[in-house]
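The exercises below are to be worked with the sequence and the coordinates at hand. Try each task before reading its solution.

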Amino acid sequence: MSMEPVIANNAGQLLELVERSAFVGFWRLDARTSTLYWSAQLARLHGAPPGYTPTFQDALQHFADEHRAEITARLRACQEQGEPFDVEVQLHTLQGRRLWVRCVGQPLRDDAGQIVGAEGLVQEIAPAGYPEGTLLRHTVSMGGALGSGEAFVTVDRQGRISYANEQAEQLLAAGGESVLGRKVWSFFQKRARLKLEERFTQALEKREPIELEELDSQVSHWLELRGFPFGAGLALHLRDVSSRRRAQQHLTLLEGSIARLNDIVIITEAAPFRAPGPRIVFVNEAFERRTGYTRDEVIGHSPRFLQGPDTQRPQLDRIRTALEQWERVRVDLINYTRSGEPYWVDLDVSPVWDETRRLTHWVAVGRDITERKRDEEKIQYLAFYDPLTQLPNRQMLLDRLNEAVGEHGTTRDGALMFIDLDNFKVLNDTLGHQKGDMLLQQVARRLRNCVAKGDLVARLGGDEFVVLLENTPEKPLDPLTAAQVVSQRILDGLGEPYVLPGYLHHSTCSIGVTLFGKLPSSVNELLKQADLAMYQAKAAGRNAVRFFDPEMQAVATANAALASDLRQAWRDNHLKIEYQPQVGMDGSMSGVEALLRWEHPIRGMVQPDQFIPTAEETSLIIPIGHWVLEAACAQLAVWANRPDRAHLSIAVNVSVRQFRHPDFIDEVMKCVKRSGVPAGKLKLELTESLLADNLDAAIAKMRNLKDMGVRLSVDDFGIGYSSLSYLKRLPIDELKIDRGFVKDILTDGNDAAIASTIIGLCRSLGLDVIAEGVETEEQRAFLARQGCHRYQGYLFCRPLPLTQLEAFMDQAAGGSGRVTPEPSSAVS
């Protein structure tokens, strides 16, 4: 039976198989009609069905963002100036997969020679299923064109050749006999025959490509086979690679393929690596463009002229060792251009062998990675340095500390110093963050000038800095003496005025110091110790230095235990609320103050001034404060149903952290609405300290509360911020005279004067005034003479649980209305 009809009928299918097996797709752009044609393989390469042809603009969108501008420019130059192109770029398939392709284009001309468009090929250069290191991947990456003038056969599923082109017949058969119908492996020597038969069966079963290198045929050829399975069998490319075993012929083939590669290519002879070393026999155009050297200038010379002062000796040693052992090597290396400019190259050096396994040449392929290295250096810098001050950051500090404090204890003596600027937030809030940043930069420069070379100055963040002093053989020091000298130098240096645009700023700092080296310490322990010492310096009045000692640690440990117990008390509902009456001049109650109480099973009664600061620091004050607010509103709702108690108000203390919480206004509003009581019955007592920071924001919140009808009182007036300039701006109803002024009001003229001044101030501003801590009739009488007629204290009633308060109010309604308990029985 003749095979010719079969061949004719399958011509289109075979053409498609050639395209598919070579991973090549064809395209043509007709500029006259703006028509773009894609072959079926090009559509398949993009993950599209055959017949899919996008518009020209849509086709450009398939290229990766970083390559789209380049390919657009190349196409424009091809159509306008007739410039062909051959580039490696990445594109996106319709499924979102990225793949590398070789895109080749040339101008399309009419009969008169005028450019009317462009046409070309797109070839996948890393085809799926062909891992790196295979001959196919190597050949593609070196620029070879598959499926062009090669021997080609198709084989049915039994291994019989169903089609063979002329090259295949000449390659496989001697004497011109026909190869059709013969098993394809019958043309090879026995060992190669068995290998090919086995791989053929696997390729059909698994539907995977086949690739075999250097099989010896019966006509003394060394062949290379690459196959692609299809429905009827296998499509095979055959290539005679006998000549590749001859080194000079191989080199000639390579030169034509790699001359226009974007990567730098250098080919040297295989001389020993010792001086004078291998000589260059070929460089490509990319080498000339990147280095500035011409081909004639470098041929016959050693590549050592590319090295310079920063070229890494360890990397050169790696190359030397690999070449002496005839092995491939890959390194990142700094080379230099003719003008002396350094650049980074990812260099891959491979040996080339002849048919006798004799080394003939070295091929070095280098990719310019200068930009990538610059990005890596920038990332490295950002990882270890503070971008604002250019000082080392926390990570570098921790690395240095870990070097000084090993896993089994300290390896060097030293001192760790925490530096915190005093009142830095006030500067930021009043003059703005830009001036605050300028101040931090000046502080960083001064700190560097305060330490010796080798000492570390780091910025932790905000206005917190750290100095690390180490005793090393290169710089011996006594840590205590050095820390004392450096800390005084820092106090003096940072205390000098700072020149900011339009402003001369004065600032101080607080320094905490801990020494290490005498006893084993971990990094975390040292950081905590220096931090504790710094806060001790703050507590001492700022602009001071404090050294860590065990007593500080004991205080910190006690505070941590108190915080733990407080969390447990909150979880177990051990916190209670007591109420202390507030009375008028005639002794009748006008309201009560809700006071938080905590009785610990071991500690006993814990005073509010002990646990409230801990609640603030741990943020427990937020849920606790909300609970007190809910309880107060609920109690007001109960009293609203009693005519004899409907007039009473409840005052609730609000902490700084609670007031600044973003949801505080909403919480108050919800509590009032849920209870259904008039908002005016709820009084919030605010401390002066919350007015010392971001006053405008605090006033805005207070106005929101006033608009709701809630009454506002400033608690403990006169002991906090105490600036009269802000008082007229505050939307408040009342000032509360602190118990500290009332206690000695009869014996201390200063306290009496302060109390009288506060009362007069309230009268002038139209504010209510109430005195707390009133314990004697003489104190009350003095306050009354000054014009204060509302009081709170033991003279009238101690703080009571709700049930006892109810009993007290019932008793007061039927008697004198006044009860004076023992002063030591409660804390108001």
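Contact here means heavy atoms within 4.5 Å. The model is predicted, so to speak of local features pLDDT of at least 70 is needed, and side-chain atom pairs count only at pLDDT 80 or more, while totals for chains, interfaces and linings use all residues. Residues are numbered from 1 along each chain as its sequence is written, and side-chain values use heavy atoms, with hydrogens and water left out.

**Exercise 1. The surroundings of Glu 470**

Task: State which residues Glu 470 is in contact with, leaving aside its neighbours within four places in sequence.

Solution. Step 1: locate the residue. Glu 470 is in strand E20, residues 464-470; helices (H or I, at least four residues) and strands (E, at least two) are DSSP runs, numbered from the N terminus.
Step 1: list the partners. With those neighbours set aside, Glu 470 is in contact with Arg 400, Ala 404, Arg 412, Asp 413, Gly 414, Asp 455, Lys 475 and Leu 477.
Step 2: classify the exposure. Buried means under 20% relative accessible area, exposed over 50%, and partly exposed in between (1.4 Å probe, protein chains only). Glu 470 has a relative accessible area of 5%, and therefore is buried.

**Exercise 2. Asp 420 and its side-chain partner**

Task: Find which side chain is joined to that of Asp 420 by a polar contact.

Step 1: Leaving aside neighbours within four places in sequence, Asp 420 is in contact with Asp 463, Glu 464, Cys 509, Ser 510, Met 534 and Lys 538.
Step 2: apply the criterion. A polar contact is a pair of N or O atoms within 3.5 Å; within protein, one must be able to donate a hydrogen and the other to accept it, and residues adjacent in sequence count only if both atoms are side-chain atoms. The side chains of Asp 420 and Lys 538 are joined by a polar contact of 2.7 Å.
Step 3: Asp 420 and Gly 462 are 42 residues apart along the chain, and their C-alpha atoms are separated by 9.0 Å.

**Exercise 3. Enclosed and open space**

Task: Describe the lining of the largest cavity and that of the second largest pocket.

Solution. On a 1 Å grid over the protein atoms alone, a cavity is a set of points where a 1.4 Å probe fits but cannot get out, and a pocket is an open set with protein on both sides within 12 Å along at least five of seven lines; lining residues have an atom within 4 Å of a point. Grid points are joined across faces, edges and corners, and a volume is the space filled by probe spheres set on the points. Ala, Val, Leu, Ile, Met, Phe, Trp, Tyr, Cys and Pro count as nonpolar, Asp, Glu, Lys and Arg as charged, and the others, Gly among them, as polar.
Step 1: take the cavity. The whole structure holds three cavities of 30 Å³ or more, and the largest cavity has a volume of about 200 Å³. Of its 16 lining residues, Trp 27, Trp 38, Ala 59, Phe 63 and Leu 75 are the closest to its centre. Helix H4 gives the most to this lining, with three residues. The lining divides into 15 nonpolar, one polar and no charged residues.
Step 2: The lining of the second largest pocket divides into 13 nonpolar, seven polar and ten charged residues.

**Exercise 4. Cysteines and positive phi**

Task: Say how many disulfides a search of the whole structure finds, and give the phi of Ser 619.

Solution. Step 1: search the sulfur pairs. A disulfide is a pair of cysteine sulfur atoms within 2.5 Å, and the search finds zero. For Cys 633, the nearest cysteine sulfur is that of Cys 671, 5.1 Å away. Cys 633 counts as buried because its relative accessibility is 1%.
Step 1: check phi. Most residues other than glycine have a negative phi. Ser 619 has a positive phi of about 70 degrees and lies in the loop between H20 and H21. Asn 423 also has a positive phi, near 60 degrees, and is found in the loop between E18 and helix H15 (424-431).
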